[in-house]
Amino acid sequence: MSLSVGIVGAPNAGKSSLTNTMVGTKVAAVSRKTNTTTHEILGVLTKGKTQICFFDTPGLMLGHHGLPHRDVTVRVESAWSSINLYDLLIVMFDVNRHLKTPDTRVVKLIKRLGAEVNPNQKRILCMNKVDLVEDKKDLLKVSKEFEDLPAYERYFMVSGLKGKGVKDLVQFLMEQAVRRPWDEEPTTMTEEVMKTISLEVVREKMLDHIHQEIPYVIDHRLMDWKELKDGSLRVEQHFIAPKQSQRQILVGKNGSKIGRIGIEANEELRSIFKRDVHLILQVRVAKKRSA
């Protein structure tokens, strides 16, 4: 039995933390900066004969500042075009934020995707971060606000980070699985997945330490990946900044910032991969292209 699930929501709706909680491995970068998930990372949940593949569609909406640089625009377009590929769509929003400062873009997204039933795809609406809502009566108000949208078969209230309500959601997804071959072998992590996780974890730590818009213009690449004789991993990643001033911000005073990012990412990768990791991070300035 198999099911493909696309998770759609505004940046910072908590899509990645929900995926991580359901799958049980840190798959997508979770951070307080928006548009963190730069790849459609795949989380795979295999239970008995059933396999659910989660596709984390990166933010479908652009920032408040009008158009960000081209890279984000391309990502947003590809997210829109990919949503019909899945058996089931989870449309997700941060209910606590919605109660305090409703975002018209989020409301539009929910209404647009809930407006008409898609015969080839089930859709559910997922209110995330319910643990942050002080007066639980407010949750009913929100349910009422979106109750007349025919495309949503069910409404779920969850806390992706705390795990509240996630069991019911997973149970529902299990019941929707269809009979067909599995897409992924339920092996341990493949090297490809590990490489992606290594980039995501480092990126997440960078986003935690650098709060300007800088992260989105920095190119981040995996340069080298080696399994050493003792079973440990040597991972080298480079950050390539367009300008020297941006490189300086990322490096920090006497290398303090990039050092901190490296230490935190190394610790996390060690706990995910269950082995020693030698993480090498370099920050350089992009070579000028000759005209």
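How many helices and strands does the secondary structure of the protein chain comprise? The secondary structure comes to nine helices and nine strands, where helices (H or I, at least four residues) and strands (E, at least two) are DSSP runs numbered from the N terminus. The model is predicted, so that local features need pLDDT of at least 70 and side-chain atom pairs count only at pLDDT 80 or more, while totals for chains, interfaces and linings use all residues. Residues are numbered from 1 along each chain as its sequence is written, and side-chain values use heavy atoms, with hydrogens and water left out.

Confidence is expressed as pLDDT, the predictor's confidence in each residue, from 0 to 100. The mean pLDDT of the protein chain is 79, and 77% of the residues reach 70 or more. The highest confidence in the chain is found in E9, at 95, and the lowest in helix H2 (residues 70-82), at a mean of 57. Over residues 28-39 the pLDDT is below 50, although this stretch has 53 contacts in the model beyond near neighbours in sequence; contact means heavy atoms within 4.5 Å. Residues 62-70 also stay under 50, with 14 contacts beyond four places in sequence. Where pLDDT is low, the predicted coordinates should not be read in detail.

Of the 291 residues of the protein chain, 49% count as buried; buried means under 20% relative accessible area, exposed over 50% and partly exposed in between (1.4 Å probe, protein chains only). Among contacts between residues at least 6 apart in sequence, 72% join residues at least 24 apart.

Strands E7, E8 and E9 form an open sheet of mixed pairing, in the order E7-E8-E9; two strands pair if DSSP finds at least two bridges between them. The edge strands, each pairing on one side only, are E7 (219-227) and E9 (277-285). The twist averages 15° from one strand to the next. E7 and strand E8 (residues 233-241) run antiparallel and are joined by eight bridges. Arg 221 stands opposite His 238 in E8.

Helix H8 (residues 244-251) packs on the sheet, touching E8 and E9, and its direction makes about 150° with that of E9. Helix H9 (residues 256-273) lies across E7, E8 and E9 and runs at about 145° to E9. Axes are lines fitted to C-alpha atoms, for helices over the stretch in contact, and angles run from 0 to 180 degrees between N-to-C directions.

H8 and H9 pack at an angle of about 55°, with their axes 5 Å apart. That makes H8 oblique to H9, since angles under 35 degrees count as roughly parallel, over 145 as roughly antiparallel, 65 to 115 as roughly perpendicular and the rest as oblique. In this contact, Ile 249, Leu 250 and Val 251 of H8 meet Ser 256, Lys 257, Ile 258 and Ile 261 of H9.

Trp 225 is placed in strand E7 and counts as buried, at 13% relative accessibility. Residues up to four places away in sequence aside, Trp 225 touches Glu 191, Met 194, Lys 195, Ser 198, Leu 233, Arg 234, Val 235 and Phe 273. The C-alpha atoms of Trp 225 and Leu 279 are separated by 9.7 Å, the two residues being 54 residues apart along the chain.

Ser 4 lies in strand E1 (residues 2-9) and, at 8% relative accessibility, counts as buried. Beyond neighbours within four places in sequence, the contacts of Ser 4 include Cys 53, Phe 55 and Arg 180.
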